[in-house]
Amino acid sequence: MIEVAFCYDFDGTLAAGNMQEYGFMRRLGMTPEEFWEKSDAMAKKYAADNNLCYMKCMLDEAKARKIAFTREDFVACGKDIVLYKGVVDWFDRINAYALSKGIKISHYLISSGLQEIVEGTPIASKFSQLYASTFMYNEYGEAEWPARVVDYTGKTQYLFRINKGCFDVHDNKSVNCAMPECERPIPFKHMVYFGDGDTDVPCMSMIKRLGGYCLAVYQPHKPGAKERATKYLHDGRANIIAAADYSAGMKIDCYVKNVIYKIAADAKLKFF
């Protein structure tokens, strides 16, 4: 059985907008514009990492309103997220097709968003691993500090973890050890990356350069979204662009099925 890894960003790739803009900001009574203006201003003022700043801003704004967020509260926020069309049944549907071609797909999330929020979505159980930012919690179960931050260049380390089968985020020794290409469980040419924005460029560039497949997904009818995806295509970062609709028979579905067919056919040709 050939194993193939499907790697996904979340915000803008599987759901519209940013995951914090659903249950979390609604609970605070903030608009996305208000929140991101504060977060961006903090990053600019201190020349700080944008992801660290959005996490601090989440804690600051919650504290200012005397609202304590526990892990369970963040998970509950995930239930409000509206996923793109076809996403909910995508995983089982594409898995079944792949198995008919002798391929086993493992799905991985690699996101700068919050793992806790993703855990509240109906698709969380479909992923073999969730690689995303997360908080530390105090003795009362309240979020108080970032535990892990996944930034745009840091995303590439998780591709190597998948490639080498070193899934434990605390195991930095194994993932950095030399490993012959022939011994790596999932070669990069057996990876498919789904992304939508600038934070996905390092992953898309690496996967495509090493023989894998990259889809630049864009939100239909969002101003500038298709143009941005088209630029990734022209710049050699993506193999294809597609509107964010994962339904059967749509462009993403058709393209990925052809990728699966090609990987299966390439494997058979090795025996001639």
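Q: How does the lining of the largest pocket divide by class into nonpolar, polar and charged residues?
A: This is a predicted model, in which local features need pLDDT of at least 70 and side-chain atom pairs count only at pLDDT 80 or more, while totals for chains, interfaces and linings use all residues. Residues are numbered from 1 along each chain as its sequence is written, and side-chain values use heavy atoms, with hydrogens and water left out. Ala, Val, Leu, Ile, Met, Phe, Trp, Tyr, Cys and Pro count as nonpolar, Asp, Glu, Lys and Arg as charged, and the others, Gly among them, as polar. On that division, the lining of the largest pocket has seven nonpolar, 13 polar and eleven charged residues.

Q: Which residues lie nearest the centre of the largest pocket?
A: A pocket is an open set of points on a 1 Å grid over the protein atoms alone, where a 1.4 Å probe fits, with protein on both sides within 12 Å along at least five of seven lines, and its lining residues have an atom within 4 Å of a point. Grid points are joined across faces, edges and corners, and the volume, the space filled by probe spheres set on the points, is about 760 Å³ for the largest pocket. Of the 31 residues that line the largest pocket, those nearest its centre are D11, N18, N51, S112 and T199.

Q: Which element gives the most residues to the lining of the second largest pocket?
A: The second largest pocket has a volume of about 440 Å³, and its 20 lining residues include K56, L59, D60, E144 and W145, the closest to its centre. Its lining comprises 13 nonpolar residues, one polar and six charged. Elements are DSSP runs numbered from the N terminus, helices being H or I of at least four residues and strands E of at least two. With eight residues, the element that gives the most is helix 3.

Q: What is the handedness of the β-α-β crossover from strand 6 to strand 7?
A: Two strands pair if DSSP finds at least two bridges between them; strand 6 and strand 7 (residues 240-243) run parallel and are joined by four, with Y218 opposite A243 in strand 7. A crossover is right-handed if, with the strands pointing away from the viewer, the path from the first strand over the helix to the second runs clockwise. The chain passes from strand 6 through helix 10 to strand 7, and this crossover is right-handed.

Q: Which residues are linked with D253 and K257 in a network of salt bridges?
A: A salt bridge is a side-chain nitrogen of Lys or Arg within 4 Å of a carboxyl oxygen of Asp or Glu, and the side chains of D253 and K257 meet in one at 3.2 Å, N to O. These two are four residues apart in helix 11 (residues 251-269), and therefore separated by about one helical turn. In the network, D253 and K257 are linked with D89 and R93.
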